[in-house]
Amino acid sequence: MKDVSVLVGGRAGDGINNAGAMVAQLLNHLGYFVYISVDYPSLIRGGHNFALVRAADEPVGAYNDRIDYLVALNQETIDLHLPHCPDCTVVANADLVKSLQSGQTVSVNDILKVESAPPITGNSAMIGAFAKAAGIPWEIAGDVFRRHMPKAADENLRVARRAYDQIRTSRPVPALSGKTHSLLTGNEAIGLGLVAGGLSHYISYPMTPSSTLLHFLAGNAERLGITVIHPENEIGVILMGLGGAVAGAKTAVGTSGGGFCLMTEGLSFAGMAEIPIVIVVSQRTGPSTGLPTYTGQAELQFVLHAGQGEFPRLVVAPADAGEAYRWSAAAMHLAWKYQIPAFVLPDKTLSEGTYSVDYDTLVGLPVADPALWDGQTPYRRYHDTPSGISPLAFPGRNDAIVKVNSYAHDEDGITTEDAALVTLMAEKRRKKEAKLKEEMEQYPCVSVRGKADASTALLCWGSVRNACDEVAARLGLRVIQPVVLSPFPDQQFSAACGGVQHLIAVEENATGQLAALAREHGVNTEATLLKYDGRPFTPDELLRKVQAVIAP
């Protein structure tokens, strides 16, 4: 694999994310696939922020240990990162970097003064300096600025060009023949997938790392034809979401683990009342407040078992932007078809990471529309059918009395404590669960990648799959990734594990939650490789750990 990595670092408030995105677009326009990871503390201003941009001639979804270019907006970036990449090419802001043994600098203040440009254009100087150091032709750089920084484009171009002309090319990045791709964050892909699934209302209280999904959908609500609401807290979020669904609006809510804690009573209400709802739970490091801006995979068992009582649920955990789009759309469709809560379970790495996406490949999974009441027979909200799925009607429909009840109830929705009726309704919900499990075997619930017949396999879920893919390619291993985690796809998982003699679980939690789920379904892992410091596995790091396990 040909690849190049760029780290852009500075303080919170310095526009690091935008600078990283512009670097990514420069490499994108050279024909590379790109991936961006952002690292920032839980501070509004101050602290050290950095964006890691990795570009390669193959799709990538993880950053590696090696850094080729260090774009330093302040001295702290040099002090923290240069010791770990002594051979990297450095481009620095001379106004704030006063101690630098080697590398090139530009005075952003001097450039702004000469061009009579406002301070907000300062990062354009650093991007222009990087472009020249990397040997990117000015024609490409100029096109990127015009396309992706249209506001005050001429002003930014002048600033960037002046810095570009002051730097010499020291480490040219070769252009590839690949096409330019659209760049999407995982949360943007989830949002677009929900809309493709028929989303009408998105309701959320901001909680990192789900917040950018709220911001994206709110900023594009009119264009997407949806309504976005920010209530006072997460309890209000889930109850408002359930109310919207009862009224016939396809609704999704978003949160992280701490916010989902407050939603669990509402989740059980959805289970008993058979209300369709999609819940996006973007994971970060816990417990409690934990590390608000860092990643983790510790909510799997929580989401699988949250809520009192027993009721069916769908849980999907995508690994990249493409899967996030497809399975978010499917979650919306399936929630409504089966009248159940459905979860999309990303982590911070996926939610806030940016990926190259080919829109031509973003094809949704086909799912039938929900069964609606035909108006020919008396309406019974919880009519017991062979599949357990009751035809839907919504309040306001003529001749339909719609009763939504969180108590044990009969087929009409009337509260009951009659043992036979309670049993009937419990078995009705179990029939829905069985039908859902049967249908899910028709969909690609388990992804098998790498060397399909390898006797050693890495078992993973969510964004960790991207690092596993690279390790498997280097060592000739198989990668097994269950995308659907509830109902668990036993047949597909068993087939995926066929011929595997050594199964190694790779997870970003402290207890091996997927490995425990696999054991529940009769598959044991030989070893577990776990990481729980809030940072994702890099392929280089994971390679060393896997080699230590499989070494003879």
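Biologist: In which loop is proline 395 found?
Modeller: This is a predicted model. Strand E14 (354-357) stands on one side of the loop that holds proline 395.

Biologist: Which residues is proline 395 in contact with, leaving aside its neighbours within four places in sequence?
Modeller: Proline 395 and valine 246 are 149 residues apart in sequence. In space they are 7.8 Å apart, C-alpha to C-alpha. Contact means heavy atoms within 4.5 Å. By that cut-off the partners of proline 395 are Val246, Ala247 and Val402.

Biologist: Which residues of H13 and H15 make the contact between these helices?
Modeller: H13 passes H15 in a right-handed crossing. H13 brings Trp327, Leu334, Lys337 and Tyr338. H15 brings Lys432, Lys435, Leu436, Glu439 and Met440.

Biologist: Is glutamine 339 buried or exposed?
Modeller: Glutamine 339 is found in the loop between H13 and strand E13 (341-344). Its phi is positive, about 55 degrees, although it is not a glycine. The relative accessible area of glutamine 339 is 1%. Buried means under 20%, so glutamine 339 is buried.

Biologist: And serine 116, buried or exposed?
Modeller: Serine 116 also is not a glycine, yet has a positive phi of about 50 degrees. Its loop runs between helix H3 (108-115) and helix H4 (122-133). The relative accessible area of serine 116 is 62%. The cut-off for exposed is over 50%, so serine 116 is exposed.

Biologist: What is the omega of the cis peptide bond between threonine 208 and proline 209?
Modeller: Most peptide bonds are trans. Threonine 208 and proline 209 are joined by a cis one. Proline 209 lies in the loop between strand E8 (201-204) and helix H8 (211-219). Omega for this bond is about 5 degrees.

Biologist: Which residue does a cis peptide bond join to proline 487?
Modeller: Proline 487 is in the loop between strand E18 (484-486) and helix H17 (490-496). The omega of the cis bond is about -5 degrees. The residue joined to proline 487 is serine 486.

Biologist: How many Å apart in space are glutamine 491 and glutamate 441?
Modeller: Glutamine 491 has its place in helix H17. It is exposed, with a relative accessible area of 60%. In sequence, glutamine 491 and glutamate 441 are 50 residues apart. In space, C-alpha to C-alpha, the distance is 7.4 Å.

Biologist: Which residues of helix H18 are buried?
Modeller: Helix H18 covers residues 513-520. Glycine 522 follows H18, with a positive phi near 85 degrees. Residues three or four places apart in an α-helix point the same way. The buried residues of H18 are Gln513, Leu514, Ala515, Leu517 and Ala518.

Note on methods. Residues are numbered from 1 along each chain as its sequence is written. This is a predicted model: local features need pLDDT of at least 70, side-chain atom pairs count only at pLDDT 80 or more; totals for chains, interfaces and linings use all residues. Side-chain values use heavy atoms; hydrogens and water are left out. A crossing is left-handed if the near helix is turned anticlockwise from the far one by less than a right angle, and right-handed if clockwise. Helices (H or I, at least four residues) and strands (E, at least two) are DSSP runs, numbered from the N terminus. Buried means under 20% relative accessible area, exposed over 50%, partly exposed in between (1.4 Å probe, protein chains only).
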